[in-house]
Amino acid sequence: MTDKQFYSIFSDALSDKGASRESFVSDWALSSIWDDDGQNIPEDRIAEIGGIWDVAHLTICDIRQYTGLSQAKFATRFCIPRRSVEDWESGTRHCPDYLRLLLAQAVGLYNDRRFCGSINYRHAD
């Protein structure tokens with residue numbers, strides 16, 4: 001999956017509040033964004049789209065509870081102001097979607113297959 005495909009699917013998952021997971025996955029698996037005929041959909045594509053839908057619908061509370069940490073310890077672990085975590089969980093403020101995605105990745109709730117494997121780091125000389 002390309003970055004552009006991921007962005008499109010993740011953005012749609014965030015905005016598509018009324019759709020069920022199954023219909024969302026089906027619609028995207030059959031989408032014209034893929035370079036195939038849509039006849040034989042790979043299982044890993046279905047799993048990946050489902051994972052994107054799942055992570056888009058996680059709350060900050062879901063992510064924190066998965067870690068087993070209190071609000072204070074979660075805030076400390078990720079260098080987030082405690083008041084922000086409290087406000088996000090109470091609904092006073094909204095946690096940015098990109099931050100929920102990054103936190104879900106950091107705690108192991110979402111494994112982005114685009115970044116698995118070896119990484120070649122380039123150092124500036």
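Glutamine 5 counts as buried, because its relative accessibility is 13%. Buried means under 20% relative accessible area, exposed means over 50%, and partly exposed lies in between (1.4 Å probe, protein chains only). Glutamine 5 sits in helix α1. Leaving aside residues up to four places away in sequence, glutamine 5 touches Ile33 and Trp34. Contact here means heavy atoms within 4.5 Å.

This is a predicted model: local features need pLDDT of at least 70, side-chain atom pairs count only at pLDDT 80 or more, and totals for chains, interfaces and linings use all residues. Residues are numbered from 1 along each chain as its sequence is written, and side-chain values use heavy atoms, with hydrogens and water left out.

**Aromatic pairs**

A pair of aromatic rings is described by the distance of the centres and the angle of the planes. Rings of Phe, Tyr and Trp (its six-membered ring) pair if their centres lie within 6.5 Å; planes under 30 degrees apart count as stacked, over 60 as edge-to-face and the rest as tilted. The whole structure holds 3 aromatic pairs. Two of them are described here.

The rings of phenylalanine 6 and tyrosine 110 have centres 6.3 Å apart and planes at 40°, so this pair is tilted. Phenylalanine 6 lies in helix α1 (residues 3-15) and tyrosine 110 in the segment after α7, so the pair ties together parts that are 104 residues apart in sequence. Phe6, Phe10 and Tyr110 form one aromatic cluster.

Phenylalanine 74 and phenylalanine 78 also pair. Their ring centres are 5.0 Å apart and their planes stand at 55°, so this pair is tilted.

| Residue | Relative accessibility | Class |
|---|---|---|
| Phenylalanine 6 | 6% | buried |
| Tyrosine 110 | 8% | buried |
| Phenylalanine 74 | 0% | buried |
| Phenylalanine 78 | 24% | partly exposed |

**Helices α4 and α7**

Helices (H or I, at least four residues) and strands (E, at least two) are DSSP runs, numbered from the N terminus. The axes of helix α4 (residues 60-67) and helix α7 (residues 97-107) come within 10 Å and cross at roughly 15°. That makes α4 roughly parallel to α7. Angles under 35 degrees count as roughly parallel, over 145 as roughly antiparallel, 65 to 115 as roughly perpendicular and the rest as oblique. Axes are lines fitted to C-alpha atoms, for helices over the stretch in contact, and angles run from 0 to 180 degrees between N-to-C directions.

Which residues meet? Ile60, Ile63, Tyr66 and Thr67 in α4 meet Arg100, Leu103, Ala104 and Val107 in α7.
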